Amino acid sequence: MSELRVSIITVSFNAEKTIRDTIQSVVSQNYPQIEYVIIDGASKDNTISIIKSFGNAITRLVSEPDNGIYDGMNKGIDLASGDIIGILNADDFYSDTAVISKVVDVFNSKNVDAVYGDLDYVDQHDTARVVRKWKSGIYYKDAFLKGWMPPHPTFFVRKSCYEKYGRFTNKLKSAADYELMLRFIHKHQINIAYLPQVLVKMRAGGKSNASIKNRIKANREDKLAWKLNDLKPELFTFIRKPISKLTQFFKR
């Protein structure tokens, strides 16, 4: 059996404060078959110089104006040549050097379309301090109706799924990752496997949860995600989704 090639995509824009940690966590992985694609939205700070300082460890760098983070992700998917695609945000980083090896082991042993895991939110300035834990748990049929979703940075999926079921929609501004996983997992029922380990560390302070106003906007986009797929949610689906996140503050 040939070794699976993994494409990691990072989308950046003015990320000089965090992107070095992101890149270092990718290039230090012990899995040999990794392609690293960075799509930058024409940063005005030192982001590009930091990226270039890693030399040939970056397989492909594109820096040009885009229409937002999901447009950048779609560009990266189009350029990716790997069998498996993972997307790591420019302020996130992998939890250890064996993350990709462990993910590939699950793909090989379970023969699935996608693998996901757990995520730790960490303090923006002290990344050793965990402030919130996202434990995904094993997926069960119709879990999305109960407000479930896996953390997108831990979601690794075969490129063939993107080719078959589409890329990120440009109709959503903050919930296109939710919509894509809803489409792949709930609507098209791809085969997925849970890796019960923390795969990604994310700096706390996400845009969608920064205020009540932003949470309301995110909730509206969640509803639109279902509508775009001609799916019918349950009565309390959109209430249970944000409520489920509250428990993440008490998991240790």
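Of the contacts in the chain with a separation of 6 or more, 76% join residues 24 or more positions apart. The model is predicted.

**Overall form**

The chain holds eight helices and nine strands. Along the principal axes, the C-alpha trace spans about 50 × 45 × 35 Å. Whole-chain values are collected here.

| Property of the chain | Value |
|---|---|
| Accessible surface | about 12300 Å² |
| Carbon and sulfur part of that surface | 50% |
| Buried residues | 52% of the 252 residues |

**A covered strand**

Strand β2 covers residues 34-40. Six of its seven residues are buried, so the strand is mostly covered, buried being under 20% relative accessible area. Its partner is strand β1, residues 6-12. The two pair in the parallel sense, over seven bridges. In this pairing, S12 stands opposite D40 in β2. In a regular strand, side chains alternate between the two faces of the sheet.

**A nonpolar surface patch**

L235, F236 and I239 form a nonpolar patch on the surface. Together they have about 340 Å² of accessible area. I239 lies in helix α8, which runs over residues 237-246. Is I239 buried, partly exposed or exposed? Its relative accessibility is 44%, so I239 counts as partly exposed. That class lies between the cut-offs of under 20% for buried and over 50% for exposed.

Definitions and conventions: Residues are numbered from 1 along each chain as its sequence is written. This is a predicted model: local features need pLDDT of at least 70, side-chain atom pairs count only at pLDDT 80 or more; totals for chains, interfaces and linings use all residues. Side-chain values use heavy atoms; hydrogens and water are left out. Patches are made of residues with over 30% relative accessible area and no salt bridge: like charges are joined within 9 Å, nonpolar side chains (Val, Leu, Ile, Met, Phe, Trp, Tyr) within 5 Å. Accessible areas come from the Shrake-Rupley method with a 1.4 Å probe; for residues, only the protein chains shown count as cover. A salt bridge is a side-chain nitrogen of Lys or Arg within 4 Å of a carboxyl oxygen of Asp or Glu. Helices (H or I, at least four residues) and strands (E, at least two) are DSSP runs, numbered from the N terminus. Buried means under 20% relative accessible area, exposed over 50%, partly exposed in between (1.4 Å probe, protein chains only). Contact means heavy atoms within 4.5 Å. Two strands pair if DSSP finds at least two bridges between them.
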